[in-house]
Amino acid sequence: DINVYRRRFQAIHNLSPAARLVYQCFEELPEKCISAQEICKETNLPRRTVVYSLTRLKQVRLLQKFGKGRGVRYRLVF
């Protein structure tokens, strides 16, 4: 469906630079679930920035959230 791809394309291009960096962590292994801590280590961004970016990516429906508390993992939406 072209509208789904258009919405996804616009959402990706409207992201902040930090959110794009977080999103790129998921592009390498899209099927892998990643924690905020792993993203912090990979991107060298502060945890607060990573958590804010993950929340934003979840709001625009680019990521799915699994679990609660310290066990939260995120995965790319297909």
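Visitor: Leaving aside its neighbours within four places in sequence, which residues is Thr43 in contact with?

Guide: Contact means heavy atoms within 4.5 Å. With neighbours within four places in sequence set aside, Thr43 is in contact with Leu21, Cys25 and Val50.

Visitor: What pLDDT do local features need in this model?

Guide: Residues are numbered from 1 along each chain as its sequence is written, and side-chain values use heavy atoms, with hydrogens and water left out. The model is predicted: totals for chains, interfaces and linings use all residues, side-chain atom pairs count only at pLDDT 80 or more, and local features need pLDDT of at least 70.

Visitor: Is Thr43 buried or exposed?

Guide: Thr43 lies in helix α3, residues 36–43. Helices (H or I, at least four residues) and strands (E, at least two) are DSSP runs, numbered from the N terminus. Buried means under 20% relative accessible area, exposed over 50%, and partly exposed in between (1.4 Å probe, protein chains only). The relative accessible area of Thr43 is 13%, so Thr43 is buried.

Visitor: Which backbone oxygen does the side chain of Thr43 reach?

Guide: A polar contact is a pair of N or O atoms within 3.5 Å; within protein, one must be able to donate a hydrogen and the other to accept it, and residues adjacent in sequence count only if both atoms are side-chain atoms. Here the distance is 2.7 Å, and the backbone oxygen belongs to Ile39.

Visitor: How do α2 and α3 lie to each other?

Guide: Axes are lines fitted to C-alpha atoms, for helices over the stretch in contact, and angles run from 0 to 180 degrees between N-to-C directions. The axes of α2 and α3 are 10 Å apart, at an angle of about 105°. Angles under 35 degrees count as roughly parallel, over 145 as roughly antiparallel, 65 to 115 as roughly perpendicular and the rest as oblique. Therefore α2 and α3 are roughly perpendicular.

Visitor: Which residues of α3 make the contact with α2?

Guide: By class, this contact of α2 with α3 has five nonpolar, one polar and two charged residues. Ala, Val, Leu, Ile, Met, Phe, Trp, Tyr, Cys and Pro count as nonpolar, Asp, Glu, Lys and Arg as charged, and the others, Gly among them, as polar. From α2 come Leu21, Val22, Cys25, Phe26 and Glu28; from α3 come Ile39, Glu42 and Thr43.

Visitor: Which residues in α4 does α2 meet?

Guide: The axes of α2 (residues 17–28) and α4 (residues 47–59) come within 9 Å and cross at roughly 75°. By class, the contact has seven nonpolar, two polar and no charged residues. Ala18, Ala19, Val22, Tyr23 and Phe26 in α2 meet Thr49, Ser53, Leu54 and Leu57.

Visitor: What is the relative accessible area of Val22?

Guide: Val22 lies in helix α2. Not counting residues up to four places away in sequence, Val22 touches Ile39, Leu45, Ser53, Leu54 and Leu57. Val22 is buried, because its relative accessible area is 0%.

Visitor: Which residue in β2 is the bridge partner of Lys65?

Guide: Two strands pair if DSSP finds at least two bridges between them. Strand β1 (residues 63–66) and β2 pair in the antiparallel sense over four bridges. In β2, Lys65 has as its bridge partner Tyr74.

Visitor: What is phi of Asn44?

Guide: Most residues other than glycine have a negative phi. Asn44 lies in the loop between α3 and α4, and is exposed at a relative accessible area of 68%. Its phi is positive, near 60°.
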